[in-house]
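This report is intended to be read beside the sequence and the three-dimensional model. Please keep both in view while following the sections below.

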Amino acid sequence: MNIRELNLKHFGKFKNRKLEFSDGLNLIYGENEAGKSTVHSFLEAMLFGMERGRGRAAAKDAWRRYEPWENPGYYAGQMRFSCGNRSFCLERNFEKNGKSALLYCEDDGEELSLEQGDLDMLLGGMSREQYENTVSVGQMKALPGMSLAASLKDYAANYYSAGNEGIHLEEALQFLKEEDKKLEREEKADARRRAGKREKIEMEASYIWRELHHLSQEREETKEKVEQCRRRKEALESQQKEEREKRERERFGAWRVHPMEIVSMVLVLILLVLLFSRPWSFLVLIVVALAEGIYIWNRMKDGKRRARELTDGEAEELKLLKEELGKAEWKLEQQRQANREKQTRYSNLQEQLGELDEVGEEAKEREKKRKALELAARTMNRISGEMQSQAGERLNQRISEITEQITGGKYQKVWMDTELNLHLLGEAGRVSVSQVSRGTAEQLYFALRMAASELLCEEKFPLVLDDTFVCYDDVRLERTLNWLAESGRQVLLFTCQGREERALKKSGLRYHKITL
């Protein structure tokens, strides 16, 4: 990929400023505040866009820093570049309310889509973080960020195992973590759901238990009432039987004349016959006989009336008692049925509580998934470590080659640990980057960036260097510029000094100069 032209329509201090670039070395010269950093930032904004910060961060973000000085409502730019023997044009509008982007091929007019990843494809999948940690070096920022370590881990895990860089280890591990967190959230949600269900079941079971207890008391009371009614009924029936027998005897006695009474009546009649002479004796005999008959008739009439009145009262009392007993027995049966239903419901609730204590199929499946995720993460880390070791050897070899060329063979062996700490082997033996001079340290970091860019970038991406060689001595500056010329890459070298141009002329290197 080569950048052919930048058109800063309205960006920072620039308005309709075009900068044309050639292949190979491009020297962009400008004094302090000439706009070198603005052009550098514009290039990154065109490649990866520029988002406006929120809250307090918005006052100091890049969007606010490079908002056009004149006519801030028009905030836009254009970039022309070539990739794969084809020419493209990228236009961006950075306005906060009208942000847009347009990408099209200048050869045939085909419009491409940024949303569908066409620009990412042209950039070879390079991210903003990789750009800032490899091919783009800002002022006094030779030390790459830790995100480069993650990119190198991705490269180690993917290139050797899959033959490409389409899979990212950090993203994959993050995905596994997110899946594990998702399962953990599901587990907690399930636990909350089960706890809520348990609480609801326990409340219902407690309510039913109280109802059963209350119903048991009511049943006992109803049973007692039934027993009382039965005892009263049996007592009344027994009493009724005795009364009936007694009344029968009384009624029978009312109809039968006692023998003594008959004897007395006969004696009276004989006595009357003897005492009175005829015909008075016959008249007295008739009168006495009628009186005795009336006496016997009255006794019979009173006995019948008493027997009838007692029978009607007993029947009414017995009828009422039977009705009360029937109601009590019906109520007792209803209570028994309700008790059976509630006992069944209470047993079902207890079974549900027991089921909640058991590990369900979903929980078992979740546990299997979590173990699988854990195994996958361990496997990926193990394989990544093995692949990283192999990739590290390749990276260290390339860093050593670049460092040896820049330092003129003073340092021939360089290696890097997982934290991007560099160590080198020189004439004085093994030393760390913290023990060398500032200039040598920046040269080592430069070598690291260049080696990493060769590993991580599918295509040769332009190198954007903003006053990168301030701490280099003249000799190592010349060697570095020679290495850049031999790399075959397009180089955009921003500088506010004349050292780079003098070194280029001294080395006889061709370059294209742009003065801001």
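The sections below treat the basis of the model, a helix, a surface patch, salt bridges and backbone angles.

## Basis of the model

The structure is a predicted model, in which local features need pLDDT of at least 70 and side-chain atom pairs count only at pLDDT 80 or more, whereas totals for chains, interfaces and linings use all residues. Residues are numbered from 1 along each chain as its sequence is written, and side-chain values use heavy atoms, with hydrogens and water left out.

Helices (H or I, at least four residues) and strands (E, at least two) are DSSP runs numbered from the N terminus. Buried denotes under 20% relative accessible area, exposed over 50%, and partly exposed the range in between (1.4 Å probe, protein chains only).

## Helix α1

Helix α1 covers residues 36-48 and has 13 residues. From its first C-alpha to its last, α1 reaches 19 Å, close to the 18 Å expected at 1.5 Å a residue; the expected span is 1.5 Å times one less than the number of residues.

Eleven of the 13 residues of α1 are buried, so this helix is largely enclosed by the rest of the structure. Among the buried residues are Val39, Phe42, Leu43, Met46, Leu47 and Phe48, and also the charged residues Lys36 and Glu44. Just after α1, Gly49 takes a positive phi of about 80 degrees.

## A positive surface patch

Lys177, Lys181, Lys182, Arg185 and Lys369 form a positive surface patch. Such a patch is made of residues with over 30% relative accessible area and no salt bridge, like charges being joined within 9 Å. Lys and Arg count as positive, and the place of a charge is taken as NZ of Lys or CZ of Arg.

Helix α6 (residues 169-255) supplies the largest share of the patch, four residues. Lys369 lies in helix α9 (residues 361-406) and is partly exposed, with a relative accessible area of 44%.

## Salt bridges

The structure holds 20 salt bridges, each being a side-chain nitrogen of Lys or Arg within 4 Å of a carboxyl oxygen of Asp or Glu. In one of them, the closest N and O atoms of Arg80 and Glu106 are 2.5 Å apart. Arg80 lies in strand β4 and Glu106 in the loop between β6 (100-105) and β7 (111-112), so the pair ties together parts that are 26 residues apart in sequence. Glu106 is partly exposed at 30% relative accessibility.

Arg345 pairs with Glu204 in a salt bridge, with the closest N and O atoms 2.9 Å apart. Because Arg345 lies in helix α8 (residues 280-357) and Glu204 in helix α6, this pair ties together parts 141 residues apart in sequence. Glu224 and Arg231 form a further salt bridge, at 3.7 Å between the closest N and O atoms. Salt bridges that share partners also join Arg4, Glu5, Arg80 and Glu106 into one network.

## Loop residues and positive phi

Most residues other than glycine have a negative phi. Which phi value does Asn85 take? Phi of Asn85 is near 65 degrees, a positive value. Asn85 is found in the loop between β4 and β5 and is exposed at 84% relative accessibility.

The loop between β4 (76-83) and β5 (86-93) also holds Gly84, which is exposed with a relative accessible area of 59%. The C-alpha atoms of Gly84 and Met1 are separated by 7.3 Å, although these residues are 83 residues apart along the chain.

Asp467 has a positive phi near 50 degrees and lies in the loop between β12 (463-466) and α11 (474-486). Asp467 is buried, with a relative accessible area of 9%.

Methods: Patches are made of residues with over 30% relative accessible area and no salt bridge: like charges are joined within 9 Å, nonpolar side chains (Val, Leu, Ile, Met, Phe, Trp, Tyr) within 5 Å. Accessible areas come from the Shrake-Rupley method with a 1.4 Å probe; for residues, only the protein chains shown count as cover.
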